[in-house]
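Subject: Structure handover

Hi,

Here is the structure I promised.

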Amino acid sequence: MRLAAAELVESREILPGQWLQSFHAPALATGSRAGQFVHVRPGDLSGMVLRRPFSLNTTDPSTGIVTIHFRVIGRGTDWFTRLRPGDPIDMLGPLGRPFEVAPRSQHLLLIAGGLGMAGVRMLADEAIRDGRRVTLLFGAASAREVYPSSLLPDEVEYVVATDDGSLGHAGYVTDLIPEYEMWADQAFACGPVGMLRVLAGQAAGRRERLGVAKLGRKGGNAKQEPTGSPAARRKAFLQVSMEQNMGCAVGACLGCVVKAVDGPPLRVCREGPVFAAEELDWESAWR
Ligand SMILES: Cc1cc2nc3c(=O)[nH]c(=O)nc-3n(C[C@H](O)[C@H](O)[C@H](O)COP(=O)(O)OP(=O)(O)OC[C@H]3O[C@@H](n4cnc5c(N)ncnc54)[C@H](O)[C@@H]3O)c2cc1C
Ligand code: FES
């Protein structure tokens with residue numbers, strides 16, 4: 001983690017109220033991994049004290065460019081839209097734990113709900129670079145909010161669901177899972193917590209439904225990996241990226257905790273934002 005100087009290169013509204021911004025930030029473009037995030041400080045004259053967390057949407061070590069994709073929901077995100085090319089900003093990152101792909105996983109299923117696209121977008125680049133096949137299931141309320149396919153690598157199979165049926169499958173993106181769960185070696189999701197809860201339930205029943213083997217050691221005597229470890233994520237069929245309101249983003253304030261199935265609460269900024277779905281208590285009132 002480091003405090004990196006960044007300079008806005010390009011800013012555009014890609015969907016109503018949703019912005020894609022490119023920053024020249026070579027220190028972050030190298031060494032960051034999919035699933036990690038940056039904590040960005042609105043400028044001195046904004047009157048805002050707290051940084052805002054954003055997923056690293058894409059990074060390009062060859063140009064030093066990192067992008068973030070965000071929806072305007074309050075003062076901070078509105079302030080970012082008024083940045084102009086050349087404006088400096090500082091970013092703390094990369095923060096948090098990344099997605100972990102098992103070496104033998106060839107078919108990756110990415111599932112994004114709305115702005116959750118920003119959480120999984122970079123994983124598509126990494127997977128394709130590593131020669132894996134990627135299907136990305138995307139859910140939105142209507143066609144107006146569907147992420148443009150032109151912003152995805154050509155190699156990605158992109159499948160859309162809209163709640164109102166105005167584009168693609170009519171219904172929730174989670175309806176599409178049964179078609180792909182046999183094909184997928186692992187799945188990675190980001191989006192509203194209700195969507196993640198449904199996906200966690202689907203993943204929990206998958207092994208019995210399909211009669212598939214668990215990732216990891218063969219022979220059914222796989223050792224138990226410590227909760228929150230990269231190895232536990234790598235073995236999980238489903239990894240989720242959680243978004244909680246954050247204060248410090250460095251593990252000190254406990255403002256971002258989620259409840260674990262076993263053990264103490266987990267800090268999204270330190271133990272997450274990516275978790276194996278089976279590590280989290282999805283029935284808990286505070287997640
Ligand atoms: C790890 C992580 C990664 C994130 N990545 C992205 C991203 O890539 N793109 C993106 O658009 N957003 C992302 N977010 C959410 C983003 O940080 C907030 O939308 C942003 O901080 C809001 O700032 P604001 O000043 O505009 O709104 P505020 O004025 O701070 O808040 C406006 C309203 O939104 C609510 N709110 C604020 N933050 C969140 C949150 N995290 N979850 C739910 N409600 C919230 C507030 O309670 C309030 O009601 C991420 C959050 C986390 C924790
Ligand atoms: S935001 Fe402070 S502990 Fe996570």
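Start with ligand 1. Its shell holds 19 residues, and Pro53, His69, Gly76, Thr77 and Asn245 are the closest. A residue counts as near if one of its heavy atoms lies within 4 Å of the molecule.

A note on the source: this is a predicted model, in which local features need pLDDT of at least 70, side-chain atom pairs count only at pLDDT 80 or more, and totals for chains, interfaces and linings use all residues. Residues are numbered from 1 along each chain as its sequence is written, chains are lettered from A and ligands numbered from 1 in the order in which they are written, and side-chain values use heavy atoms, with hydrogens and water left out.

Back to the shell. β4, β6 and α2 each supply at least two of its residues. β4 has the largest share, with 4 residues. (Helices are DSSP runs of H or I with at least four residues, strands are runs of E with at least two, and both are numbered from the N terminus.) By class, the shell around ligand 1 has 8 nonpolar, 7 polar and 4 charged residues. Here Ala, Val, Leu, Ile, Met, Phe, Trp, Tyr, Cys and Pro are nonpolar, Asp, Glu, Lys and Arg are charged, and the others, Gly among them, are polar.

Now the backbone distances. Ser55 has a backbone N or O atom 3.0 Å from a nitrogen atom of ligand 1. A polar backbone atom of Gly74 is 3.0 Å from an oxygen atom of the ligand. For Gly76, a backbone N or O atom lies 2.7 Å from a ligand oxygen atom. Of the 880 Å² of accessible area that ligand 1 has on its own, the protein covers 71% (Shrake-Rupley method, 1.4 Å probe).

Where does ligand 1 sit? In the largest pocket, since more than half of its atoms lie within 2 Å of the pocket's grid points. A pocket is an open set of points on a 1 Å grid over the protein atoms alone, with protein on both sides within 12 Å along at least five of seven lines; a cavity is a set where a 1.4 Å probe fits but cannot get out; lining residues have an atom within 4 Å of a point.

The largest pocket has a volume of about 990 Å³, counted as the space filled by probe spheres set on the points. Its lining has 34 residues, with Pro53, Ile73, Glu243, Gln244 and Asn245 nearest its centre.

The largest cavity has a volume of about 60 Å³. α5 gives the most to its lining, with 3 residues.

Best wishes

Note on methods:
Polar contact = N/O pair within 3.5 Å; in protein donor to acceptor, adjacent residues only side chain to side chain.
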